[in-house]
2 protein chains.
Amino acid sequence: VLIREAYKILNKNLALMTDFYELTMMQGFFARGVHNKLAVFDLYYRKNPFGNGYVIFAGLEQVINYVLNIKFSEQDIKFLRAQNIFQEEFLSYLKEFEFTGDIFSVREGSVVFPGEPLVTVRAPIIQAQLIESCMLNIINYESLIATKSARIKQVISQDIILEFGLRRAPSPEAALLGTRASFIGGCDATSNTLAGKIFDIPVAGTHAHSWIMSFDNELDAFREYAKYFRDNLILLVDTYNTLKSGVPNAIKVFKELNAQNKMPKKFGIRLDSGDFAYLTKQIRFMFNQENLHDAIIIVSNSLDENIIAALKQQDAQINSWGIGTKLLTGDGATALDGVYKLVALENKNKILEPKIKISDNPEKISTPCFKQTFRIYDKKNKKIKADLIGLHEEDFIINQDLNIYNPVISWKKIFLEKNYYFTRKMLEAVIINGERKISKINLNEIKKYCMLELKSLWPEYKRIINPEVMPVCLSKKLAIIKNNLLKINTANNY
Amino acid sequence: VLIREAYKILNKNLALMTDFYELTMMQGFFARGVHNKLAVFDLYYRKNPFGNGYVIFAGLEQVINYVLNIKFSEQDIKFLRAQNIFQEEFLSYLKEFEFTGDIFSVREGSVVFPGEPLVTVRAPIIQAQLIESCMLNIINYESLIATKSARIKQVISQDIILEFGLRRAPSPEAALLGTRASFIGGCDATSNTLAGKIFDIPVAGTHAHSWIMSFDNELDAFREYAKYFRDNLILLVDTYNTLKSGVPNAIKVFKELNAQNKMPKKFGIRLDSGDFAYLTKQIRFMFNQENLHDAIIIVSNSLDENIIAALKQQDAQINSWGIGTKLLTGDGATALDGVYKLVALENKNKILEPKIKISDNPEKISTPCFKQTFRIYDKKNKKIKADLIGLHEEDFIINQDLNIYNPVISWKKIFLEKNYYFTRKMLEAVIINGERKISKINLNEIKKYCMLELKSLWPEYKRIINPEVMPVCLSKKLAIIKNNLLKINTANNY
């Protein structure tokens with residue numbers, strides 16, 4: 001039932017959620033009769049956001065639902081017809097449109113790096129073109145937020161992270177998808193009740209200043225609240241004056257409950273303003289003096305990984321961190337810069353020909369061919385050594401000495417001795433011939449997998465400032481194809 | 001039909017799209033039997049984003065739809081029951097929940113300033129509490145994007161602005177609501193086909209690099225494209241080499257069409273990379289040499305108001321600007337910092353008592369009472385002189401000499417002579433007793449109104465850097481109530 005409910009909210013038919021130029025190009029392909037040529041597109045990003053050392057890939061489940069639910073309604077067709085540039089034959093084709101191609105993808109929660117394919121679409125070019133914009137939208141946003149969440153988790157370590165971002169998230173759906181992504185990256189619970197319901201994430205929250213203000217005084221407000229919430233009693237102490245009113249009143253209520261043998265299993269305070277380093281140390285001291293050693297201190301107020309790191313360094317006495325605005329807006333990065341590029345196209349002889357996009361900027365040149373990413377681990381400690389992008393049909397699972405090549409600077413290479421590494425394929429088939437091939441993965445499983453993925457990185461790659469750069473290399477075969485194509489294309493067109 | 005379609009996508013039942021603490025507080029109010037006490041909450045923001053001088057208010061239509069569609073489903077109730085903290089009586093109450101209160105709001109597209117109520121909710125406290133989180137979400141995001149768009153419009157002036165942000169917008173719904181908001185603030189068209197359909201915004205777009213790459217050479221790609229799009233032929237020229245390949249090939253195609261008497265009404269090129277100041281001047285020169293004076297030059301690549309201002313200053317030859325990522329992500333601001341505070345609550349005698357939220361930070365102290373904002377204009381030039389927040393029942397429409405007071409610094413005031421100003425009420429009733437009171441306004445009308453609103457500001461308030469600060473003052477009656485309440489509350493609680 002939960003899944004069906006989620007379907008209604010997220011699996012809308014988004015056939016027209018596409019940049020208009022996708023549709024004009026589709027009509028062009030259709031009119032030329034080349035629309036069923038098999039094409040391969042890669043979705044990848046160029047630069048780690050936040051100055052981070054990696055990205056957490058997220059959004060695949062929503063992409064699958066989007067792609068498999070595309071259906072142009074009568075109203076959609078009518079709207080397109082009214083634009084006066086589409087031919088009736090093409091509109092008739094759209095009426096029957098469904099995605100019949102293949103999608104290969106990295107697993108959600110994976111640690112990924114710039115330049116490697118995260119999603120590869122192999123489909124008739126007319127189909128592959130349509131899904132570009134919306135697929136990028138979903139993956140760019142969810143991966144950005146999962147990555148932000150992992151950075152915060154990196155700094156917070158074992159404390160509890162509560163996601164409180166609903167009111168400042170960029171749209172209601174962002175509050176759902178962002179909450180989902182932040183859970184994958186390391187958050188423990190959310191204030192967003194609907195996200196809790198749809199994605200089976202624990203929900204959390206107690207009361208706001210308005211609760212206190214609806215009473216004549218703070219102590220009455222606390223006492224009344226304690227009547228209704230006995231298992232988990234968190235009191236907000238900064239409505240009037242934290243140290244002179246809020247905390248003393250909270251202590252009074254906790255001691256009253258204790259005297260009546262009604263002490264809640266979990267109790268404490270939340271602080272939403274003020275200097276957290278100073279206040280939390282004072283509050284912890286006040287609690288300890290009253291033998292309330294188990295009291296929990298929760299803080300929330302424009303927190304992010306940098307502020308948290310500073311508070312930790314100052315030994316602030318905090319158990320749980322409510323992170324809202326700066327998490328669900330991906331503060332510190334404008335967006336993940338994911339792009340979607342044609343890397344191969346069927347020729348007249350029905351053979352996939354590699355394609356390349358040239359640019360004056362070497363980092364912007366795409367890597368051609370239908371590919372696979374092989375993650376290379378150190379056999380001894382199971383940490384990632386490098387990622388190797390090869391042809392899809394290549395195989396590096398077998399033990400062999402290996403040279404891997406820098407994708408931009410062709411003379412740079414890394415040598416791997418056969419007994420000291422093992423590899424894993426990153427891209428797996430998720431849709432084949434328009435049919436879903438992987439089962440839906442529970443969000444808790446995705447999160448667990450993500451935590452394991454993060455363990456496979458040395459701490460140097462996880463620093464929130466100036467992390468080490470993971471080598472992402474090309475196989476010898478792929479490097480040769482790319483360099484040849486570069487030579488041909490620059491000779492032809494410059 | 002368009003409206004019904006929009007309904008399906010945006011007017012979802014978002015009953016649970018609320019912070020969990022709203023629900024725990026609601027249960028608290030319910031258990032105490034005070035849930036039907038009439039409360040007044042103000043939604044306002046504290047600080048202009050982007051260092052701007054104002055905000056464009058947007059999102060009201062979505063708020064109305066959200067509020068009037070709240071209905072807890074059986075599944076919602078089941079989910080809440082499973083949390084093990086809600087009483088059955090309260091859950092039964094939720095089953096019958098509907099919003100029966102009043103909402104007063106500023107018109108969409110209005111120029112607004114920090115500290116003044118944008119939306120005022122007067123409803124039983126249990127109802128007013130529920131809608132806090134989602135209402136803030138919608139208004140914070142749409143108003144942020146409308147404001148960003150207005151800043152861009154301010155710099156671009158009469159050129160065309162195309163919104164291209166779908167692929168980097170934070171979630172599919174953000175791409176819809178953000179496009180809507182950016183149209184209000186000044187954009188002329190969008191690449192987002194679905195947003196075009198739902199909100200009746202002109203759609204725009206031609207082709208991508210993948211179109212060019214699907215051909216053996218660029219010239220063939222241009223010629224084929226010209227076959228299908230005869231009215232509006234924009235060719236993307238930077239796939240291989242802009243000045244040596246793209247522009248010469250485009251010129252060749254335009255001249256061929258001209259020779260065949262098939263010149264499109266609108267034609268030109270789009271540039272997605274490189275140095276726009278240099279390249280567009282070169283391209284304009286090349287076009288002029290071939291007598292293609294009407295050719296349009298469109299650019300797109302991580303543009304924002306600052307980059308555009310710099311390009312304008314360098315006399316870049318650009319007719320249309322495609323703005324994507326930095327517009328729909330509200331780049332340069334984390335979020336609009338909208339908040340929702342209790343400002344009045346019914347007492348035992350059924351009289352609305354003013355409420356105040358104290359803070360060590362004077363700017364964070366809320367302004368009590370059920371209020372109205374009076375916009376004060378200079379009679380001669382119709383420009384805004386100041387905003388005056390008064391009690392809802394006050395009236396400053398009549399001509400009288402007037403003193404208005406700074407809301408934070410109580411000795412600061414402005415004197416207005418009766419013959420030199422006129423006023424307008426900003427808040428209007430949009431929902432009364434749970435029923436919609438204003439008709440749906442066409443988005444083009446909202447945009448037109450917004451452009452008039454911007455005209456009522458002196459240019460000094462519209463500078464994108466260091467704008468003049470608009471005075472937002474309190475009426476004498478309101479200032480007295482606020483100061484008295486401050487004294488009482490600080491005496492009681494400190």
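Let's start with one pair of residues: B:L235 stands opposite B:I269 in strand β9 of chain B. The model you are looking at is a predicted one. The two strands behind this pair are β8(B) and β9(B), the latter covering residues 266–271, and they pair in the parallel sense over five bridges.

Next, hop over to chain A. Here you'll find an open sheet of seven strands, and its order is β13-β12-β1-β5-β3-β19-β20, with antiparallel pairing. At the edges sit β13 (352–354) and β20 (435–436) of chain A, each with a pairing on one side only.

Let's walk through part of this chain A sheet. Strand β1 (residues 38–44) and strand β5 (residues 119–124) of chain A are joined in the antiparallel sense by six bridges. One residue to look for is A:V40, whose bridge partner in β5(A) is A:R122. Stay with A:R122 for a moment, as its side chain also meets that of A:D102 in a salt bridge, at 2.9 Å from N to O. This pair links distant parts of the chain: A:D102 is in strand β3 and A:R122 is in strand β5 of chain A, 20 residues apart. Across the whole structure, counting all chains, there are 50 salt bridges.

Moving on from β3(A), three bridges join it to β19(A), and the two run antiparallel. In this stretch A:I103 stands opposite A:I431 in β19(A). Then β19(A) pairs with β20(A), again in the antiparallel sense, over two bridges. A:I432 has A:E435 as its bridge partner in β20(A). What do β19(A) and β20(A) form? They form a hairpin with two residues between them, and A:N433 in the turn has a positive phi of about 50 degrees.

Helix α3 (residues 60–68) of chain A lies across β3 (102–105), β19 (428–432) and β20 of chain A, running at about 25 degrees to β19(A). Helix α7 (residues 132–156) of chain A lies across β1, β5 and β12 (339–346) of chain A, and its angle to β12(A) is about 135 degrees.

Finally, look at where the two chains meet. The contact involves 101 residues from chain B and 101 residues from chain A. About 8,700 Å² is buried between the chains, and carbon and sulfur atoms give 60% of that. On the chain B side, B:R167, B:M213 and B:Y240 lose the most area to chain A, together 9% of what that side buries.

What else links the chains? There are ten salt bridges across the interface, and one pair joined by a salt bridge is A:E22 with B:R167, their closest N and O atoms being 3.6 Å apart. The interface also has 44 residue pairs in polar contact. Helix α2 (residues 20–32) of chain B supplies the largest share of the chain B side, eleven residues. By class, that side has 47 nonpolar, 33 polar and 21 charged residues.

Definitions and conventions: Residues numbered from 1 in each chain as written. Chains lettered and ligands numbered in written order. Predicted model: local features only at pLDDT ≥ 70, side-chain atom pairs only at ≥ 80, totals over all residues. Heavy atoms only, no water. Contact = heavy atoms within 4.5 Å. Buried area = accessible area lost by both parts, 1.4 Å probe. Salt bridge = Lys/Arg side-chain N within 4 Å of Asp/Glu carboxyl O. Polar contact = N/O pair within 3.5 Å; in protein donor to acceptor, adjacent residues only side chain to side chain. Helix = DSSP H or I, 4+ residues; strand = E, 2+ residues; numbered from the N terminus. Nonpolar A, V, L, I, M, F, W, Y, C, P; charged D, E, K, R; others polar. Pairing = 2+ DSSP bridges. Axes fitted to C-alpha atoms, helices over the stretch in contact; angles between N-to-C directions.
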